[in-house]
Amino acid sequence: MPNMIIGIFTSGGDSQGMNAAVRAVIRMGLHYGCRVYFIKEGYEGMVGGGDYIVEASWVSVSHIIHKGGTVIGSARCAEFRERSGRLKAAYNLIQYGITNLVVIGGDGSLTGANLFRSEWTSLLKELVEQGKILPSRMEECNHLNIVGLVGSIDNDFCGTDMTIGTDSALHRIIEAIDAIGTTASSHQRTFILEVMGRHCGYLALVGALASEADYVFIPEWPPELDWQERLCNKLKLEREQGKRLNIIIIAEGAIDHTGKTITAEQVREIIVSRLKQDTRITVLGHVQRGGSPSAFDRILGCRMGAEAVLALKEAKPDTEACVISLDGNQAVRVPLMQCVERTKKVAAAMAAKDWNLAVKLRGRSFERNLSTYKLLTRIKPPRMTSTESEHHRSSYRLGVMHIGAPCCGMNAAVRSFTRNVISRGEMVLGIHEGLDGLIEGQVSPIPWGEVAGWVNQGGANLGTRRTLPNDGNNMELSVDKIREFKIQGLLIVGGFEAFQAGLQFAEARDKYPELRIPICVIPATISNNVPGTDFSIGADTALNEITEICDRIRQSAQGTKRRVFCIETMGGYCGYLATLAGLAGGADAAYIFEEPFGIKELMEDVFHMQAKMAEGVQRGLILRNENANINYTTDFIHRLYSEEGRNIFTSRMNKLGHMQQGGSPSPYDRNFSTKLAAKAADWLIEQLSTHTAHDGTISCDSPDTAVLLGLVRRQYRLTPLAQLKDQTDFKHRIPKDQWWLKLRSLLRVLAKHDSSYQREIIIEDSCIFENVAT
């Protein structure tokens, strides 16, 4: 391992988050004693050699994590496609002893790398025959190992749920749509947005799902043959119902059923000629590739880059080239060419006009996004046929409420739940102001149209409180209202208090028959401190807020003397925000409650900061969770760094406060909440169908009828609340086991601390395509 030499390059189209991956590969390689080289300008630099290949140092990747694009450049190289070009590339790599490559790019770049690897031995033999290298050198470099990281904003690579850059591109799209919405509404205009996606409609589809767009055109699923009439009828009806704006999203590769391209201009002409509506076109273009990467893409790049180095470390001469992929929240290592072949099958299905197969090959998540979008964007709920009406019982009455602090994504969850339930012929009862509102009788039906426009709104439109059932005589009062309003199923959307409330209701079933109804809790809190799930609604938005603020704070010191910033984050006793924001922001340290620390550790970090400043680092970033330690407060840490760093650096302190809860929901939170609520609706109705007697009595008394719905590793999971009780530290309001703690070691390694890296669980799985989380 000490003699291992790694080359890293980015190829093809750039994407946000590539720099985070480059930084992680460089620093993880140096951590393990490797020599690591930049190969600038992709394959062009590999073929050109010379100044294109530069040895990297720790400082050379400082302050790049927040930058978009790729700092080492990317270029397409026609010469590398020829064997003569690959021969030059092999010779240049041999000069530096590089026999391990990390390639960050799309399927074309990865396929080229695999071809290069397969020819490696024959290329070296040819170089020996030409007298350019010695046989002994060939023996030393007799095999080439390849690990791929997929960098593409289109998310068009099969084998991973998300490619590096996709989330950031979605941020650009959603920001544009939210901004356009205000001007469109002012003038009652229709806007058509063209987004990237020549062969993949992921950006258009998820962008439409996260923005309540009225219509979407994607290449995998062409619109109906009479789409012109359907589109105009929908827009006309919406205007008649008082809607002042319409948004249509079209992927640049959108086609009709004959394979003919559908353009934004074509759609505009149809709307103008038939409806006479003021219609404008906005082509986002390369704006989607630009800007600073989202917190998700930074963390994804860090995780994938670190695991890429481990994959090279463990590689043997006969090891197949692999790709580091994301499956749910699980990092997996899958064969590169298996992914490439799967991606090519999608293109073949589209060429054959087998649209169902094309959607299926994209994965169950893509398929679910498409069906969910179709359902949620109806103007009115679907009508039952006469046969269905005859056999349909009276509607179930399902309540939805918030308990706990507000967070972004709550409204999107209520919208999704409402429309999914109504589409099944059932009734949704909105419970306002949490448990207090239930007790006061603030319960009313939510019609289909009332939740229009909720998906992009922060906060909680239903209102929320922290009041719990076991407070005073709230349990008895709540049961009276559940009986009065005939609530037959309950969805609670909220944070740790929502989990507690659901658990308290479940534990009171023996005493109160009215509580023997299906109960589902959806986690929604920026703290991400709810047991039974890896992620909570709202946490991604908060992470992006913190990361963006940290970027601005560090930039404020640009051009000044060396400075360290001490930032306090929210989260209660849970250090998720501090740790993940630290990883996304390139922090030097993050202090949390779960990892005890004292003055010794603080002083070691101060000395470490002094050493880094001596090496040329200009700015430092320290994060502290608000309840990390009762004595070592943020102010104490700030003063410690100020005193001990005197004459070396200055220190400043910032407490971010409630701005972490504000803003508009991120694309991830909009999509995540929409999916969770849809699954919750399905589960509640299924439970009612199973546990309702002929006389209408509901008997849900088993533990598995009161659950929390969350994302755990690779799948959505329904966990009984009673089971989660033993997995919870109620005193500190955190789960006893938290998956993200293993990322603490990565944070410290990337900050150049003397720390052992705790690897992620990598599953070498040739059947990943049959196990994609839905």
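Predicted model: local features only at pLDDT ≥ 70, side-chain atom pairs only at ≥ 80, totals over all residues.
Starting with the big picture, the protein chain is built from 25 helices and 25 strands. Its radius of gyration is 28 Å, close to the 28 Å that the globule rule gives for 774 residues, so the chain is as compact as a globular protein of that length. Along the principal axes, the C-alpha atoms fill a box of roughly 90 × 70 × 50 Å. Of the 774 residues, 61% are buried. The contacts tell a bit more about how the chain is put together: among those between residues at least 6 apart in sequence, 78% join residues at least 24 apart.

Searching the whole structure turns up 36 salt bridges. One of them joins Lys243 to Asp214, with 2.6 Å between the closest N and O atoms. This pair links distant parts of the chain, 29 residues apart: Lys243 sits in the loop between helix H8 (227-240) and strand S8 (246-251), while Asp214 sits in the loop between helix H7 (202-209) and strand S7 (215-217). The two partners have their own surroundings. Lys243 is partly exposed, at a relative accessible area of 29%, whereas Asp214 has a relative accessibility of 4% and so counts as buried, the cut-off being under 20%.

Another salt bridge brings together Arg424 and Asp682, whose closest N and O atoms are 2.8 Å apart. Here the partners are 258 residues apart in the chain, with Arg424 in the loop between helix H15 (410-423) and strand S13 (427-431) and Asp682 in helix H23 (residues 667-691). Arg424 is partly exposed at 36% relative accessibility, and Asp682 is partly exposed too, with a relative accessible area of 26%.

Lys725 and Glu507 also meet through their side chains, in a salt bridge of 2.9 Å from N to O. Since Lys725 belongs to helix H24 (residues 721-725) and Glu507 to helix H18 (residues 496-507), the pair ties together parts that are 218 residues apart in sequence. Lys725 counts as partly exposed, with a relative accessible area of 38%, and Glu507 is partly exposed at 44%. Salt bridges can also share partners, and in this way Arg83, Arg86, Glu119 and Glu126 are joined into one network.

Finally, there is helix H20 (residues 576-585). Ten of its ten residues are buried, so this helix is largely enclosed by the rest of the structure. Among the buried residues are Tyr576, Leu577, Thr579, Leu580 and Leu583, along with Ala578, Ala581 and Ala584. Glycines are on the list as well, namely Gly582 and Gly585. The cover over these buried residues comes from several parts of the chain. It includes three helices, H10 (295-314), H19 (539-555) and H25 (743-750). Strands S17 (563-569), S18 (589-591) and S19 (619-625) are also included in the cover. Just after H20 comes Gly586, which takes a positive phi of about 70 degrees.

Definitions and conventions: Residues numbered from 1 in each chain as written. Heavy atoms only, no water. Helix = DSSP H or I, 4+ residues; strand = E, 2+ residues; numbered from the N terminus. Rg over C-alpha atoms; globule rule 2.2 N^0.38 Å. Buried < 20%, exposed > 50% of the residue type's maximum accessible area, 1.4 Å probe, protein only. Contact = heavy atoms within 4.5 Å. Salt bridge = Lys/Arg side-chain N within 4 Å of Asp/Glu carboxyl O.
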